[in-house]
Amino acid sequence: MQRAIASDLVELAYSARQNAVFVAAPDWEVETRSRLLKLHPDTLGIQAEVPLTGKGFGVALDDAANRLYLTQGFNGSISVVDTAAGRLVKQIPLLQKINFAQAYKERGFSEKRTEFLLKALERFKVVDDYPYKLREMALDRANERLFAPGLGLGFDSVLFVVNTRTLELEKVIEGFGYNAVGVVLDEKNGRVFVSNMRGQVMVVDARTLQITRTLEVEADQLLNLAYDPAHNRLFGVDQGIDRDSWRNNHLEREYQHRSEGHRLFVLDADTGKTIANLPSGQVPIGLRFDGERQRLYVTNRGGVRVDEGRGSVTVYDTAAYQLLQTIDLPPHPNSLALDEQANVLYVTVKNDGSSKKAGTLENVTRIELR
């Protein structure tokens, strides 16, 4: 089933407690029109709308606490929604705006590096803005913390730590290199894994908030991660997008590629060693692991800034390390949520260039996994 929902949709989550699908619907033209939508799990009809004060992007659900967190990807904050009451509880600020030219000078960036960055920012008419962009989050219920990587605009990335009891920023951990985006929690062993776009996975102690290890991996661009506690495995999608000029500028040297991209990687979580390396569709984005059934679902964008998207969802057997099925889902499937009890997968599908020009609403797709 597919249902057109809103002009823009990003990430979504299934709530067993509310028996509903929650999806972030940012408005890029008028920010205050951004919403969190509550959908019926069978019909995908809109049951309720929660107005937001900023554009929601990534989501993290604490179902037991009736709470959903949304990253304000471009606004330097995180929103907190009460899913039972259907209201915005708080917007947590994480950082302040800066002047980029001044900040690069204070950091001692080279003239070549600074010139490249400022020219790139000028194309987006950015002079003063937030130095980090927010995307994904990992929720640590045991330690009452929320972890959100901050992707640095010219700077090394950081990890924001929010106290979920006080709903305040607790700490900013530095040292995550070029473009850290992926994050996942190993709840039992108190480890937070953070991946960046230069072939690294950092391991953070969830209790002490210290980086304990940096794993060099064979995947260049692990955009998103999933963790398998039963077998101590990390799953990650290696995007395959050309980032050479940005990455080389950041590193101030030529980066040596380790992977051709457009792959699914399975890694030993202790060592970072590759267990399996499987083909995905073009430009993999999101992934969702079902440990009980040993299945992994991956969304593949199928092109970047193209008029006609050819996206898909790939399905893997994580016991045999086999690609089982490719489900065509154009234009651009993005985010995944799973109702494990009913064995139903939910996917946000974004517009390509042609459908965006036509004013087509983006949709949520419901797939029965039988």
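In the predicted model, Asp 220 is placed in the loop that joins β20 (211-216) to β21 (222-228). The residue is buried but takes part in no salt bridge. The side chain of Asp 220 does reach the backbone nitrogen of Arg 258, at 3.0 Å. Beyond four places in sequence, the contacts of Asp 220 include Asn 196, Met 197, Arg 198 and Gly 199. Also among them are Asp 238, Arg 247 and the run Tyr 255, Gln 256, His 257, Arg 258 and Ser 259.

Arg 247, one of the residues in contact with Asp 220, belongs to helix α3 (residues 244-251). Within this helix Arg 247, Asn 249, His 250 and Leu 251 are buried. Helix α2 is among the elements that cover the buried residues of α3. Arg 113 lies in α2 and, with a relative accessibility of 10%, counts as buried. When neighbours within four places in sequence are set aside, Arg 113 is in contact with Gly 154, Asn 249, His 250 and Glu 252. Of these, Asn 249 and His 250 are buried residues of α3, while Glu 252 comes just after the helix and takes a positive phi of about 60°.

In soluble globular proteins, nonpolar side chains tend to be buried together. The largest nonpolar core of this model has 27 residues, of which Tyr 69, Ile 78, Leu 94 and Leu 146 touch the most other members. At least two residues of this core come from each of β8 (77-82), α1 (100-106), α2 (111-123), β12 (132-134), β14 (145-152) and β15 (158-163).

Strand β6 is covered on both faces. Val 59 and Leu 61 are buried on one side, and Ala 60 and Asp 62 are buried on the other. The strand pairs with β7 (residues 67-72) in the antiparallel sense, over 4 bridges. Val 59 has Leu 70 of β7 as its bridge partner. The hairpin formed by β6 and β7 has 4 residues between the strands, and in it Asn 66 takes a positive phi near 55°.

Elsewhere in the chain, Leu 39 lies in strand β4 (residues 35-39) and counts as buried, at 0% relative accessibility. Its C-alpha atom is separated by 7.8 Å from that of Val 23, a residue 16 places away along the chain. Apart from residues up to four places away in sequence, Leu 39 touches Ile 5, Ala 20, Val 21, Val 23, Leu 44, Gly 45, Ile 46, Gln 47 and Val 364.

The count of salt bridges in the model comes to 25. One of them joins Arg 141 to Asp 62, with the closest N and O atoms 3.3 Å apart. This pair links distant parts of the chain, as the two residues are 79 residues apart. Arg 141 lies in the loop between β13 (138-140) and β14, and Asp 62 in strand β6 (residues 59-62). Arg 141 counts as partly exposed, at 43% relative accessibility, whereas Asp 62 counts as buried, at 12%.

Another salt bridge is formed by Arg 263 and Glu 260, with the closest N and O atoms 4.0 Å apart. Here Arg 263 is buried, with a relative accessible area of 16%, and Glu 260 is exposed, with 57%. In the salt bridge between Asp 290 and Arg 293, the closest N and O atoms are 2.8 Å apart. Asp 290 counts as buried, at 0% relative accessibility, while Arg 293 counts as partly exposed, at 27%. Salt bridges also link Asp 42, Arg 366, Glu 368 and Arg 370 in a network.

Terms used:
Residues numbered from 1 in each chain as written. Predicted model: local features only at pLDDT ≥ 70, side-chain atom pairs only at ≥ 80, totals over all residues. Heavy atoms only, no water. Buried < 20%, exposed > 50% of the residue type's maximum accessible area, 1.4 Å probe, protein only. Lys, Arg positive; Asp, Glu negative; His and termini not counted. Salt bridge = Lys/Arg side-chain N within 4 Å of Asp/Glu carboxyl O. Polar contact = N/O pair within 3.5 Å; in protein donor to acceptor, adjacent residues only side chain to side chain. Contact = heavy atoms within 4.5 Å. Core = buried A, V, L, I, M, F, W, Y, C linked by side-chain atoms within 4.5 Å. Pairing = 2+ DSSP bridges.
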